[in-house]
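Visitor: I have a model open and would like to learn to read it. Where do we start?

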Amino acid sequence: PIGTDGKAQGPLSPEETQLLSLMLGRMKTGTLSLTEGTIRITSAKAEVSLEGPTLQNAAVRLMLRCNASSLSDAAVSQAAATACLGVLNKLSGMGSDALGLGRQALRHAQDMAQWHDMNWPQRYREIEWSVSVGVQPAA
């Protein structure tokens, strides 16, 4: 839910938690319920990276092997990307670096002074997310 200050508040819903698990690479198989329909995932891979010269962009790339009887592969890709982007924006708004991008940012710093100057908590809230979802039919 969104608070009166415009920031996300409260815990993730079960569906959002499932999407986070998928983006973390922890969900390899299972059923994913999206607004547009339900898909059965037989295999999933995830990659998350921090990008850009000032580390202002983050990309999530998912590859799903799945079945969705009522959705085309393109529709599954779009629906999953949109749902993931919603979760990422909610987490950013809460300042919750659940994907661990701060660890990637820390590796870019030359020393701890540069890390502190980076002001990661604020920078994380301003990250521009991109999500791509590749879909292949389950065998």
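Visitor: At what angle do helix H1 and H2 pack, and how far apart are their axes?

Guide: First, a note: this is a predicted model. Two packed helices are described by the angle between their axes and by the distance between the axes. Here, H1 (residues 14-23) packs on H2 at about 95 degrees, and the axes are 10 Å apart. Angles of 65 to 115 degrees count as roughly perpendicular, so H1 and H2 are roughly perpendicular to each other.

Visitor: Which residues make the contact?

Guide: H1 brings Glu 16, Leu 19, Leu 20 and Met 23. H2 brings Ala 83, Cys 84, Val 87, Leu 88, Lys 90 and Leu 91. Eight of the contact residues are nonpolar, two are charged and none is polar.

Visitor: How many residues has the largest nonpolar core?

Guide: In soluble globular proteins, nonpolar side chains tend to be buried together. In this model the largest nonpolar core has 42 residues. Ile 39, Ile 41, Val 60, Trp 120 and Trp 129 have the most contacts inside it. Helix H2 (residues 73-94) gives this core its largest share, eight residues.

Visitor: What is Trp 129 in contact with, beyond its sequence neighbours?

Guide: Its partners include Leu 85, Leu 88, Asn 89 and Ser 92. Ala 58, Val 60, Leu 99, Leu 101 and Tyr 124 are also in contact with Trp 129.

Visitor: Is Arg 65 buried, exposed or partly exposed?

Guide: Buried means under 20% relative accessible area, and exposed means over 50%. Arg 65 has 32%, so it is partly exposed. Arg 65 lies in strand E3 (residues 57-67).

Definitions and conventions: Residues numbered from 1 in each chain as written. Predicted model: local features only at pLDDT ≥ 70, side-chain atom pairs only at ≥ 80, totals over all residues. Heavy atoms only, no water. Core = buried A, V, L, I, M, F, W, Y, C linked by side-chain atoms within 4.5 Å. Buried < 20%, exposed > 50% of the residue type's maximum accessible area, 1.4 Å probe, protein only. Helix = DSSP H or I, 4+ residues; strand = E, 2+ residues; numbered from the N terminus. Contact = heavy atoms within 4.5 Å. Axes fitted to C-alpha atoms, helices over the stretch in contact; angles between N-to-C directions. Parallel < 35°, antiparallel > 145°, perpendicular 65-115°, else oblique. Nonpolar A, V, L, I, M, F, W, Y, C, P; charged D, E, K, R; others polar. Lists of a residue's contacts leave out its neighbours within four places in sequence.
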